[in-house]
Amino acid sequence: MRSLPNILTMSRIAVIPVLVILVWVGTDQLKWIALGVYTFACITDYFDGYLARTLNHHSAMGRLFDPIADKLLVGACLLVLCSFGYISGLTVLPALIILLREILVSGLREYLAEIRVGLPVSRLAKWKTGLQMFSLGFLIVGDASPPEIPSVFIGEICLWLAALLTLWTGYDYLRSGLLHASAGDSDRLED
């Protein structure tokens, strides 16, 4: 039971190729199956953290792979959705913002880890992640949804909102990282 959070994290990584292939082939039926696979991955993201906190099982493997799994899932979805026209036109811009922010935060976390400073996830960043997941789900289904549900429109609006939160949280993380970097530079100047 203690390794269940790690299994959930690794399963999130394992389903990415399946998700990519389903979106790539892209028949209406496969879009709905892709949504099911994607929803499973999103649920594992919630439950691996919940179980780790509930069971007080915070492993080094979980700390390493959980953020990697999240970034791989979001990055793969954004890239495959852009590649096959599910996301197109100006809506590529929020997808790019989200992808670049993920790279920025990964770099900041790596740098701060070297100087033994943690970069905790903010509540706003959790909202951003939830909105991203919600928008990508609608975009995966795309035009396969019933006419009464404007999936593409809902997905695009939510993606733009997620991009705004992405800019905000990315700025907060960057500012925090720069404060630690400048403090580290001033420590070296005093030596």
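**Exercise 1.** Determine whether glutamate 102 is buried or exposed, and identify its salt-bridge partners.

*Solution.* Step 1. Glutamate 102 has a relative accessible area of 8% and is buried (buried: under 20% relative accessible area; exposed: over 50%; partly exposed: in between; 1.4 Å probe, protein chains only). The structure is a predicted model, in which local features need pLDDT of at least 70 and side-chain atom pairs count only at pLDDT 80 or more, while totals for chains, interfaces and linings use all residues. Residues are numbered from 1 along each chain as its sequence is written, and side-chain values use heavy atoms, with hydrogens and water left out.

Step 1. Lysine 71 forms a salt bridge with glutamate 102, with 3.1 Å between the closest N and O atoms (salt bridge: a side-chain nitrogen of Lys or Arg within 4 Å of a carboxyl oxygen of Asp or Glu). This pair connects helix H4 (residues 60–83), which holds lysine 71, to helix H5 (residues 92–114), which holds glutamate 102, across 31 residues (helices are DSSP runs of H or I with at least four residues, numbered from the N terminus). Lysine 71 is partly exposed, at 24% relative accessibility.

Step 2. Lysine 128 also meets glutamate 102 in a salt bridge, at 3.2 Å from N to O. Because lysine 128 belongs to helix H6 and glutamate 102 to helix H5, the pair ties together parts 26 residues apart in sequence. Lysine 128 is buried, with a relative accessible area of 3%.

**Exercise 2.** State which residue forms a salt bridge with lysine 31, and where the two partners lie.

*Solution.* Step 1. The partner is aspartate 143, and the closest N and O atoms are 2.5 Å apart.

Step 1. Lysine 31 lies in helix H3 (residues 28–54), whereas aspartate 143 is in the loop between helix H6 (123–141) and helix H7 (151–190); they are 112 residues apart.

Step 2. Lysine 31 is buried at 8% relative accessibility, while aspartate 143 is exposed at 60%.

**Exercise 3.** How many salt bridges does a search of the whole structure find, and which residues are linked in a network?

*Solution.* Step 1. The search finds nine salt bridges.

Step 1. The network links Arg12, Asp45, Asp48, Asp66 and Asp70.

**Exercise 4.** Identify the residues of the nonpolar surface patch and the helix that gives the most to it.

*Solution.* Step 1. The patch consists of Leu90, Leu93, Leu96, Leu100, Ile103 and Trp160, with about 610 Å² of accessible area together (Shrake-Rupley method, 1.4 Å probe; for residues, only the protein chains shown count as cover). Patch residues have over 30% relative accessible area and no salt bridge; like charges are joined within 9 Å, and nonpolar side chains (Val, Leu, Ile, Met, Phe, Trp, Tyr) within 5 Å.

Step 1. H5 gives the most, with four residues.

Methods
Helices (H or I, at least four residues) and strands (E, at least two) are DSSP runs, numbered from the N terminus.
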